[in-house]
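Here is a short briefing on a two-chain model. Please look at the sequence and the structure first, then read on.

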Amino acid sequence: MNLNATLFAQLVVFLILAWFTMKFVWPPIMKALDERAGKIADGLAAADKARADLAHAGQKAIEEMRKARESATVARTAAEAQVAKLIEDARNEGAAIVKAAREVAEGEAAVASQRAREALRDQVATLAVAGAERILRKEINAQAHAALLTQLKSEL
Amino acid sequence: MAAEHAPNASEYIIHHLTHLNSLGHKQAALVDWSVFHLDTLFWSISLGMLAVLILARAAAKATSGVPGRFQAAVEILVEMVESQSKSIVHGDRSFVAPLALTVFVWIFLMNAMDLLPVDLLPRLWGGVYAAAGHDPAHAYMRVVPTADLNATLGLSLGVLLLCLYYNVKIKGFGGWVHELFTAPFGSHPLLYPINFAMQMVEFVAKTVSHGMRLFGNMYAGELIFMLIALMGAAWAGSASSAMLWVGGVIAGTAWAIFHILIITLQAFIFMMLTLVYIGQAHEAH
């Protein structure tokens, strides 16, 4: 436990070491720490922003889906109306075609029956002539009696 | 040759407590400014260089990206010192905070020399000394610089000088002189001498207690390691000496573990008091 010049040597060494630390150790470490703190702060801010963006995007997506659903509903309604109209038109057209066909058929049937009746008349006239021939047993000149026969025919 | 026999307990301890100095034998006078403790200088300067080189290495590789373990450890230390200095010293800390870091790391390393086996380095030195043709009984080597009063008082004197410097720097020379005579009791001509005396006592007490506290703790710790080593050395074949040896192992283990706390705590206390004293120099009364 003696005091000697070691004391002053120690003092000088102490101040030199402290100076060295101040010059070469402290500033780079503090710089790195501050920079990292800045980076972390930036990262946190970016994370907050990203979270806000995400929430915003979610809202937007919900909104878009709602719009899409609405427009789909509108489209379906329109399509259904169009389909109903098409069916209705087709039905009407079909009915019209059926009606026209029936009318044509009926007209043709009337013409045919008219024609048949006229043919029947001709044959009746011939039959009547033939019957009258047989009854009279004599030949009737068809040409001579054409006026009579035409009269008879029109009376049938 | 004097010591053919094994040293007895008191010789062992005295040998371990004797410094390797520039005289070559034990310093006779209590104070002799022409003498150097070579062992204290060697170990404290070596450890100081080691400390600043480790820190400088960390500083050179420091990045603001993801730190490695080494960088993170140094950063934890730096952040601890930075937050302590920030809370204690109000003003420009561009020198004070690095100073506190130096104090902590350096004193911690010097204290940690206590954890090496108490005979290891002295015995190696004895071997070197003997190989150089000298009497190993005179191969003195103390490896814990902080267990030398010169080292700790040198540090506390350094802190005192810094306190004086900051007193003048912050308050101006006139302001500081004014404070020396008017604080703590107040500005009255009758109180000037009392104030001044109190201030002187305060400076002396701060400095002496600052250095003595560290020295006392480390010196006592070193002494206890020596006593425990003596217990271990009592091995002589008998049952009671074997018990002493076992006791030495147990006590050595316990004391070394406890000493981990002490060396850290003393380094921390020295750093904190350095900050407090320099912080006081920053504050006007």
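**Where the chains meet**

In β1(B), B:Val31 is the bridge partner of A:Leu3. This is a predicted model; local features need pLDDT of at least 70, side-chain atom pairs count only at pLDDT 80 or more, totals for chains, interfaces and linings use all residues, and side-chain values use heavy atoms, with hydrogens and water left out. Residues are numbered from 1 along each chain as its sequence is written, while chains are lettered from A and ligands numbered from 1 in the order in which they are written.

**Strand pairing**

- Strand β1 (residues 3-4) of chain A and β1(B) run parallel, joined by 2 bridges.
- Two strands pair if DSSP finds at least two bridges between them.
- Helices (H or I, at least four residues) and strands (E, at least two) are DSSP runs, numbered from the N terminus.

**The interface**

- On the chain B side, 55 residues are in contact with 31 residues of chain A. Contact means heavy atoms within 4.5 Å.
- The two chains bury about 3900 Å² between them, and 74% of that is on carbon and sulfur atoms. In chain B, the residues that lose the most area to chain A are B:Trp33, B:Ser64 and B:Asn150, together 16% of what that side buries. Buried area is the accessible area (1.4 Å probe) that two parts lose on being put together, summed over both.
- Between chain B and chain A, 16 residue pairs are in polar contact, both residues at pLDDT 80 or more. A polar contact is a pair of N or O atoms within 3.5 Å; within protein, one must be able to donate a hydrogen and the other to accept it, and residues adjacent in sequence count only if both atoms are side-chain atoms.
- In chain B, β1 (31-32), α2 (38-61), α3 (69-88), α4 (96-112) and α6 (149-182) each supply at least two residues of the side that touches chain A. The largest share, 11 residues, comes from α6(B).
- That side of chain B divides into 35 nonpolar, 14 polar and 6 charged residues. Here Ala, Val, Leu, Ile, Met, Phe, Trp, Tyr, Cys and Pro count as nonpolar, Asp, Glu, Lys and Arg as charged, and the others, Gly among them, as polar.

**Salt bridges**

- The count between chain B and chain A is 1 salt bridge. The side chains of B:Glu75 and A:Arg36 form it, at 2.7 Å from N to O.
- A salt bridge is a side-chain nitrogen of Lys or Arg within 4 Å of a carboxyl oxygen of Asp or Glu.
- A:Arg66 forms a salt bridge with A:Glu70, with the closest N and O atoms 2.7 Å apart. These residues are separated by about one helical turn, because they are 4 residues apart in helix α1 (residues 6-136) of chain A.

**Chain B fold**

- Chain B has 8 helices and 1 strand.
- A cis peptide bond joins B:Ala183 and B:Pro184, with omega about 5°. Most peptide bonds are trans. B:Pro184 lies in the loop between α6 and α7 (192-233) of chain B.

**Confidence**

- Chain B averages a pLDDT of 89, and 97% of its residues score at least 70. pLDDT is the predictor's confidence in each residue, from 0 to 100.
- The predictor gives the complex an ipTM of 0.82 and a pTM of 0.75.
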